Amino acid sequence: MCRSIKTLRPPTTPEVTDEDIRAAALQYVRKVSGFRAPAAHNREVFDQAVETVAAATQELLDGLQIRGSAARQHSHP
C-alpha cells in the first residue's frame, strides 16, 4: 500500500484539485514501477501511465455517490 497517497473523496477531502489527483497518480506509478524518476528511455511510458491513472482517478471520483452529500459537479474535459 502506498501510504503517501491521501484519500481524495468527500468528505475526507472536500476540495480536490487536478494537482491532488496527479500527485496521487504519480505516487501510484512510482510505487508500482519501483522508480522515483524513470530513465530517459522509460520517461514516455512512465508519464503516460501517470496521465492514465489520473484520468481513471478523476472518473472514479466523478462516479462515486457519497451518502448524505449533494452530487459533485466537475467541468473536466
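Reader: Which residue forms a salt bridge with Arg-22?
Author: This is a predicted model. In it, the closest N and O atoms of the pair are 3.3 Å apart. That falls within the 4 Å cut-off for a salt bridge. The partner of Arg-22 is Glu-51.

Reader: How many residues apart are Arg-22 and Glu-51?
Author: Arg-22 sits in helix 1, and Glu-51 sits in helix 2, residues 43-63. The pair links distant parts of the chain. The separation is 29 residues.

Reader: Is Arg-22 buried, partly exposed or exposed?
Author: Buried means under 20% relative accessible area, and exposed means over 50%. Arg-22 has 36% relative accessibility, so Arg-22 counts as partly exposed.

Reader: What about Glu-51: buried, partly exposed or exposed?
Author: The relative accessibility of Glu-51 is 41%.

Reader: How many salt bridges does a search of the whole structure find?
Author: Side chains of opposite charge can pair when their charged atoms come close. Lys-6 with Asp-20 is another, and so is Asp-47 with Arg-43. The search of the whole structure gives three.

Reader: Why does the salt bridge of Lys-6 with Asp-20 tie together separate parts, and how many residues apart are they?
Author: The closest N and O atoms of Lys-6 and Asp-20 are 3.9 Å apart. Lys-6 lies in the segment before helix 1, whereas Asp-20 lies in helix 1 (18-33), so the pair ties together parts of the chain. Their separation in sequence is 14 residues.

Reader: What is the relative accessible area of Lys-6?
Author: Lys-6 is found in the segment before helix 1. Lys-6 is partly exposed. Its relative accessible area is 48%.

Reader: Which helix holds both Asp-47 and Arg-43?
Author: Their closest N and O atoms are 3.1 Å apart, in a salt bridge. The two residues are four apart, about one turn of the helix. Asp-47 is partly exposed at 28%, and Arg-43 is partly exposed at 36%. Both lie in helix 2.

Reader: Which helix is included in what covers the buried residues of helix 1?
Author: The buried residues in helix 1 are Ile-21, Ala-24, Ala-25, Leu-26 and Val-29. Ala-54 touches Ile-21, Arg-22 and Ala-25, leaving out residues up to four places away in sequence. The cover of the buried residues includes helix 2.

Reader: Is Thr-57 buried or exposed?
Author: Thr-57 belongs to helix 2. Beyond its neighbours within four places in sequence, Thr-57 is in contact with Leu-8 and Ile-21. Its relative accessible area is 19%. The limit for buried is under 20%, so Thr-57 is buried.

Reader: What span does helix 1 reach from its first C-alpha to its last?
Author: Helix 1 has 16 residues. At 1.5 Å a residue, 22 Å is expected, and the model is close to that. Just after helix 1, Gly-34 takes a positive phi of about 80°. The span of helix 1 is 22 Å.

Reader: What percentage of the residues of the protein chain count as buried?
Author: The chain has two helices and zero strands. It exposes about 6000 Å², with 53% supplied by carbon and sulfur atoms. Of its 77 residues, the buried part is 22%.

Reader: Over which residues does pLDDT stay under 50?
Author: The mean pLDDT of the chain is 85, and 83% of residues reach 70 or more. Where pLDDT is low, the predicted coordinates should not be read in detail. The model has five contacts beyond four places in sequence for the stretch under 50, which is residues 71-75.

Technical notes: Residues are numbered from 1 along each chain as its sequence is written. Side-chain values use heavy atoms; hydrogens and water are left out. A salt bridge is a side-chain nitrogen of Lys or Arg within 4 Å of a carboxyl oxygen of Asp or Glu. Buried means under 20% relative accessible area, exposed over 50%, partly exposed in between (1.4 Å probe, protein chains only). Contact means heavy atoms within 4.5 Å. Accessible areas come from the Shrake-Rupley method with a 1.4 Å probe; for residues, only the protein chains shown count as cover. pLDDT is the predictor's confidence in each residue, from 0 to 100. The expected span of a helix is 1.5 Å times one less than its number of residues.
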